[in-house]
Amino acid sequence: MLELPEVEVLRKDLEKEVVGKRVKEVTAATASIVRPFHRNRPELVKALQGRKIEGARRRGKVIFLDLDEQMTWIIDPGQNGSVHKETASEPLGPDTHLATTFTTGGALHLSEAGDEPTIRTGVVPTDEAFDAVGLSHDALDLFDDNPTWMEFGRFLAEADKPLKLLLIDESLLAGIGPVYSDEILWEAGLRHDHPSSSLSTQETRRLYRATQEVIVAAMKAAGSSLDDAEADQMIDDEGVAADHLRVYGRDGKPCSRCRRPIVRTRIKKGVYTYHCEQCMI
Ligand SMILES: [Zn+2]
């Protein structure tokens, strides 16, 4: 599953590669990926063809490519979508759902393996883009908003939730999911059920520093997302750059701080946490 760090790496790559380019041809191979933004594929093709890409933004786990005429091209990678740079003549692979070529050459392919892709894309007016993907205007983006530790402390106190549930709550915090919520809590040495409103100053600072460190390390591990070969090396079956992970998916393996086995605990329906019972308090 892609979370904020991987999508931020993708945003940076897109900023470098496609901002300033004009879309030439658009081929949409899969009908479901244009919903809910469009009724059908031709509607997306018409909205995207000929548009110039003027900027690349990210919020949470969604990419917003701003186009001319106050329109925005949304790319929501979903569970495991990816974007690759190709030559303009490269045919669409079996997992490619959308391809765009550019007037100056080259192409972008949007892909995701599996029968039911979760990647979504469409073109909407810029001022409706957040609402179109259901993003909360109030949710904090730890990288984009770059809060100070004191602002983060106030946010934690106001939210007043168990830490794990707070970190993965998209209405409060954008872009952090099952993977990096566990990694952040391990790095901070804080338990998943520790109430966010009862952290000491020291614990707040530790959690704040952990968010920064985990996001930066994950961005480094994600490498270059547009380069196919490199991405495949770095990413495991679940689409996660796994080498740098300390707890997520590591149940039974020794904690790299205290050597006790990492355990996987069910918090509620569909929500699990990987943690160390020894060194997270
Ligand atoms: Zn431990």
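**Two domains**

Start by colouring the two domains: domain 1 covers 4-132 and domain 2 covers 149-275. These bounds come from an automatic or database domain assignment. Residues are numbered from 1 along each chain as its sequence is written. The model is predicted, so local features need pLDDT of at least 70 and side-chain atom pairs count only at pLDDT 80 or more, while totals for chains, interfaces and linings use all residues.

The C-alpha centres of the two domains are 28 Å apart. Where they meet, 17 residues of domain 1 are in contact with 15 residues of domain 2. Two residues are in contact if their C-beta atoms, placed from the backbone, lie within 7 Å. Now select α1 (4-17) and β5 (82-86), the elements that give two or more residues to the domain 1 side of this boundary. Helix α1 gives the most, with nine residues. That side of domain 1 has six nonpolar, four polar and seven charged residues. Here Ala, Val, Leu, Ile, Met, Phe, Trp, Tyr, Cys and Pro count as nonpolar, Asp, Glu, Lys and Arg as charged, and the others, Gly among them, as polar.

**The whole chain**

Zoom out. The chain has eight helices and ten strands. Helices (H or I, at least four residues) and strands (E, at least two) are DSSP runs, numbered from the N terminus. Along its principal axes, the C-alpha trace spans about 55 × 35 × 30 Å. Of the 281 residues, 42% count as buried. A residue is buried if 20 or more other C-beta atoms lie within 10 Å of its own, exposed if 12 or fewer, and partly exposed in between, with C-beta atoms placed from the backbone.

**The core**

Next, select Ile63 and Leu65. Of the 71 residues in the largest nonpolar core, these two touch the most other members. Both domain 1 and domain 2 give residues to this core, so it lies between them. A nonpolar core is a set of buried Ala, Val, Leu, Ile, Met, Phe, Trp, Tyr and Cys residues joined through C-beta atoms within 7 Å. Leaving aside neighbours within four places in sequence, Ile63 is in contact with Val7, Leu10, Arg11, Leu14, Ala56, Arg58 and Ile75.

Move to Ile53, in strand β2 (residues 53-59). Is Ile53 buried or exposed? It counts as buried because it has 23 C-beta neighbours inside 10 Å. Beyond its neighbours within four places in sequence, the contacts of Ile53 include Val19, Lys21, Leu65 and Leu67.

**An enclosed helix**

Select helix α6 (residues 178-188). Eleven of its eleven residues are buried, so α6 is largely enclosed by the rest of the structure. Among the buried residues of α6 are Tyr180, Asp182, Glu183 and Trp186. What covers the buried residues of α6 includes α1, α5 (163-167), α7 (201-222) and β10 (271-275). Just after α6, Gly189 has a positive phi of about 70°.

**Last stop: a hairpin**

Finish with strand β9 (residues 263-268) and β10, which pair in the antiparallel sense over five bridges. Two strands pair if DSSP finds at least two bridges between them. Which residue of β10 is the bridge partner of Lys268? The partner is Val271. Two residues lie between the strands of this hairpin, and Gly270 in the turn has a positive phi of about 80°.
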